[in-house]
Amino acid sequence: KGDSGLSEVNLMKKQVSDLEGQLRALQASFSKYQKVAAFPGGRIVGNKVFVTSGYEGTFDDLKQKCLQAGGQLAAPKNAAENTAVQQIVVQHNKSVFLGVTDIQTEGKFRYLNGDAIVYSNWLQGEPNNEKGRENCVEVYVNGKWNDRACGEKRLILCEF
Ligand code: GMH
Ligand code: CA
């Protein structure tokens with residue numbers, strides 16, 4: 001048992017060092033694809049990547065396109081994420097629609113999964129539900145949020 005125990009230890013050492021090599025390769029590969037995701041106009045904040053394709057459309061259109069790509073409409077959940085969204089808006093000089101609406105209950109803004117929002121950055125005086133028909137949320141170049149009619153066309157911004 002003594003000998004076979006030793007060789008088992010040696011086998012495990014070999015397996016651990018193989019895994020270490022594989023992990024290093026994966027880390028290098030991941031780091032490269034993070035850069036790919038952020039070039040030329042994407043932003044990485046923590047584990048989240050914000051990317052636009054430059055497409056413009058209505059809220060339903062944009063939502064569908066982000067889902068189809070395996071992501072979802074951008075929904076910044078803190079100031080750092082909102083700044084990343086703002087930078088993309090500035091870069092394109094076009095407002096984006098967020099993955100935030102009050103379609104379910106007027107005045108109660110939620111993520112697309114139905115959870116109540118945990119962060120917001122409303123412009124003073126917003127949301128004002130102008131003419132009673134603003135259930136979507138756009139981000140201005142100053143990073144501030146405005147509720148806006150979902151049928152308007154805005155720049156797509158997905159998060160992955
Ligand atoms: C109204 C006014 C404006 C405001 C818009 C905006 C539309 O026209 O209150 O000052 O910018 O609504 O909220 O979404
Ligand atoms: Ca408004």
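Select Glu126 and ligand 1. A polar side-chain atom of Glu126 sits 2.5 Å from an oxygen atom of the ligand. Keep in mind that this is a predicted model.

One of its polar side-chain atoms lies 2.4 Å from an oxygen atom of ligand 1. Now show the backbone of Asp147. Here a polar backbone atom is 3.0 Å from an oxygen atom of ligand 1. How much of the ligand does the protein cover? On its own, ligand 1 has 340 Å² of accessible area, and the protein covers 55% of that.

Glu126, Asn128, Glu130, Glu134, Asn146, Asp147 and Arg148 surround ligand 1. Color them by class. Five are charged, two are polar and none is nonpolar.

**The loop between β6 and β7**

Stay on Glu126 and step to the next residue. The peptide bond from Glu126 to Pro127 is cis, with omega near -5°. Pro127 belongs to the loop between β6 (108–111) and β7.

Select Asn129, which is in the loop between β6 and β7. Check its phi: the angle is positive, about 45°, although Asn129 is not a glycine.

Then go to Lys131, also placed in the loop between β6 and β7. Its phi is positive too, at about 55°, and Lys131 is not a glycine either. Is Lys131 buried or exposed? Lys131 is exposed, with a relative accessible area of 65%.

**Strand β5 at Thr101**

Select Thr101, in strand β5. The strand covers residues 96–105. Thr101 is buried, at a relative accessible area of 9%; the cut-off for buried is under 20%. Show its side chain and the backbone of Ile103. The Thr101 side chain reaches the backbone nitrogen of Ile103 at 3.3 Å.

Now display the contacts of Thr101. Leaving out residues up to four places away in sequence, Thr101 touches Phe59, Lys108, Phe109, Arg110, Leu112, Asn135 and Cys136. Follow the contact to Phe59 for the next stop.

**Helix α2**

Select residues 59–68, which form helix α2. Phe59, Leu62 and Cys66 are buried there. An α-helix has 3.6 residues a turn, so residues three or four places apart point the same way.

What do the buried residues of α2 pack against? Show these strands: β3 (56–57), β4 (72–73), β5 (96–105), β7 (136–139), β9 (154–155) and β10 (158–159).

Walk off the end of the helix. Just after α2, Gly70 takes a positive phi of about 90°.

Select Val45 in strand β1, residues 43–45. Its contacts, not counting residues up to four places away in sequence, are Phe50, Ala80, Glu81 and Ala84.

Last stop: Phe39 and Pro40. A cis peptide bond joins Phe39 and Pro40, with omega about 0°. Pro40 lies in the loop between α1 (2–38) and β1.

Key: Residues are numbered from 1 along each chain as its sequence is written. Chains are lettered from A and ligands numbered from 1 in the order in which they are written. This is a predicted model: local features need pLDDT of at least 70, side-chain atom pairs count only at pLDDT 80 or more; totals for chains, interfaces and linings use all residues. Side-chain values use heavy atoms; hydrogens and water are left out. A residue is near a molecule or strand if one of its heavy atoms lies within 4 Å of it. A polar contact is a pair of N or O atoms within 3.5 Å; within protein, one must be able to donate a hydrogen and the other to accept it, and residues adjacent in sequence count only if both atoms are side-chain atoms. Accessible areas come from the Shrake-Rupley method with a 1.4 Å probe; for residues, only the protein chains shown count as cover. Ala, Val, Leu, Ile, Met, Phe, Trp, Tyr, Cys and Pro count as nonpolar, Asp, Glu, Lys and Arg as charged, and the others, Gly among them, as polar. Buried means under 20% relative accessible area, exposed over 50%, partly exposed in between (1.4 Å probe, protein chains only). Helices (H or I, at least four residues) and strands (E, at least two) are DSSP runs, numbered from the N terminus. Contact means heavy atoms within 4.5 Å.
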